[in-house]
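Dear colleague,

Please find below the structure that I am handing over to you. My notes on what was found follow it.

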Amino acid sequence: MSLMSRISLIFRSKANKALDRAEDPRETLDYSYQRQLDLLSKVRRGVADVATSRKRVELQVAQLEQQGAKLQDQAEKAIAMNREDLAREALTRKSGLNGQISDLKAQHAQLQGEEEKLTLAQQRLQAKVEAFRTRKETIKATYTAAEAQTRINEAMSGIGEEMGDVGMAIQRAEDKTSEMQARAGAIDELIASGALDDASSLNRGDDITRELESMSSQAEVEQELARLRGDSLPAAQQPEAIEAAPQGDILAEQPQPATETKDGQP
Amino acid sequence: MIVRILGEGQYDVPETALGRLNELDATLESAVEAGDDAAFSSALTELLDGVRTVGAEHPADSLDESDLILPPADATIDQVREMLNDDGLIPG
């Protein structure tokens with residue numbers, strides 16, 4: 001199969017649009033349809049040619065008949081004028097014309113028959129071409145659908161691969177999320193245990209603030225202690241008060257400012 | 001085996017007929033190589049007729065790839081030569 005194989009190989013190796021075009025049955029169908037249309041147009045031209053010839057013959061017959069009528073008229077006139085020789089000549093010519101007319105009429109009938117046959121053939125061919133066109137379109141649609149199906153399948157397998165990638169991405173995202181959740185949980189625990197400062201609480205991570213707060217709370221403790229001492233051990237503070245206060249109700253004159261804290265709280 | 005005659009259609013050719021077609025094919029090939037126009041056209045006609053005779057027309061609505069491809073019936077020797085060039089019949 002050398003030549004056939006070589007040509008086939010060339011066509012097959014050109015796995016591109018050009019090859020598809022060459023081997024595409026749709027193209028072949030279109031080509032066949034075009035050939036049929038060409039044939040149909042040839043038949044149509046044939047019908048038109050025959051019809052033209054028939055009309056030409058009809059015209060010739062009409063002209064000859066007109067001429068024959070004229071000769072008949074001339075023959076009658078010649079008889080009226082006693083010119084039998086002229087009448088004979090006219091009638092002889094008319095007889096010749098009649099022969100031509102009858103030949104042309106036979107030709108006309110033949111042409112008419114041919115025209116009818118061709119018209120019929122043209123109609124049949126037209127119907128066949130029309131049927132072929134419909135069938136061709138159906139086949140082409142089927143082919144296109146089959147081709148589309150192939151493409152869809154290819155696309156689907158491609159999508160399958162891509163879905164694999166997407167799956168991987170989702171897996172990665174999930175891993176990252178659980179990692180972050182675990183980390184957040186660990187941070188919460190650390191904060192709860194005091195090992196880690198709660199960054200969300202404002203001004204609590206600052207050393208100076210902590211020191212100030214500590215000092216303030218120590219002062220408060222001292223003041224509270226002092227107040228309590230004052231309440232439970234009034235004797236310790238009374239001599240000073242007695243000395244300073246005038247005579248009278250000692251308790252009523254209890255010097256409030258002496259126990260007043262620096263911020264005015266009792 | 002499906003044989004396509006370009007511009008004509010596909011034919012289902014029985015394996016048993018391939019021997020004879022091979023001979024016709026070899027004749028055609030040597031005509032192409034010799035550049036013999038007359039021998040080429042008669043060999044091509046004979047080969048295509050051979051395929052048409054032994055093969056059954058493959059249904060047009062059955063979409064199958066051809067196993068072998070033959071040039072169209074009205075191909076010239078130059079067209080077949082062009083077809084057999086490295087670039088093939090279709091450029092690109």
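**A salt bridge in chain B**

At a relative accessibility of 49%, B:Glu23 counts as partly exposed, a class that lies between buried (under 20% relative accessible area) and exposed (over 50%), with a 1.4 Å probe and protein chains only. The side chain of B:Glu23 meets that of B:Arg20 in a salt bridge (3.2 Å, N to O). The term salt bridge stands for a side-chain nitrogen of Lys or Arg within 4 Å of a carboxyl oxygen of Asp or Glu. B:Arg20 is also partly exposed, with a relative accessible area of 46%. Because B:Arg20 and B:Glu23 are three residues apart in helix α1 (residues 18-34) of chain B, about one helical turn separates them.

Please note that this is a predicted model, in which local features need pLDDT of at least 70 and side-chain atom pairs count only at pLDDT 80 or more, while totals for chains, interfaces and linings use all residues. Residues are numbered from 1 along each chain as its sequence is written, chains are lettered from A and ligands numbered from 1 in the order in which they are written, and side-chain values use heavy atoms, leaving out hydrogens and water.

**The two chains**

Chain B contains three helices and four strands; helices (H or I, at least four residues) and strands (E, at least two) are DSSP runs, numbered from the N terminus. Along the sequence, the pattern of chain B is β-β-α-α-β-β-α. Of the 92 residues in chain B, 42% are buried.

Chain A has seven helices and zero strands. Of the 266 residues in chain A, 18% are buried.

**Salt bridges in chain A**

Over all chains, the count comes to 12 salt bridges. One of them joins the side chains of A:Glu84 and A:Arg88 (3.1 Å, N to O). Both residues lie in helix α4 of chain A, four residues apart, about one turn of the helix. A:Arg88 is exposed, with a relative accessible area of 54%.

In helix α5 (residues 207-232) of chain A, A:Arg227 and A:Glu224 are three residues apart, and their side chains meet in a salt bridge (3.0 Å, N to O).

**A loop residue**

A:Asn82 lies in the loop between α3 (25-80) and α4 (84-193) of chain A. A:Asn82 has a positive phi of about 60 degrees although it is not a glycine. Most residues other than glycine have a negative phi.

With kind regards
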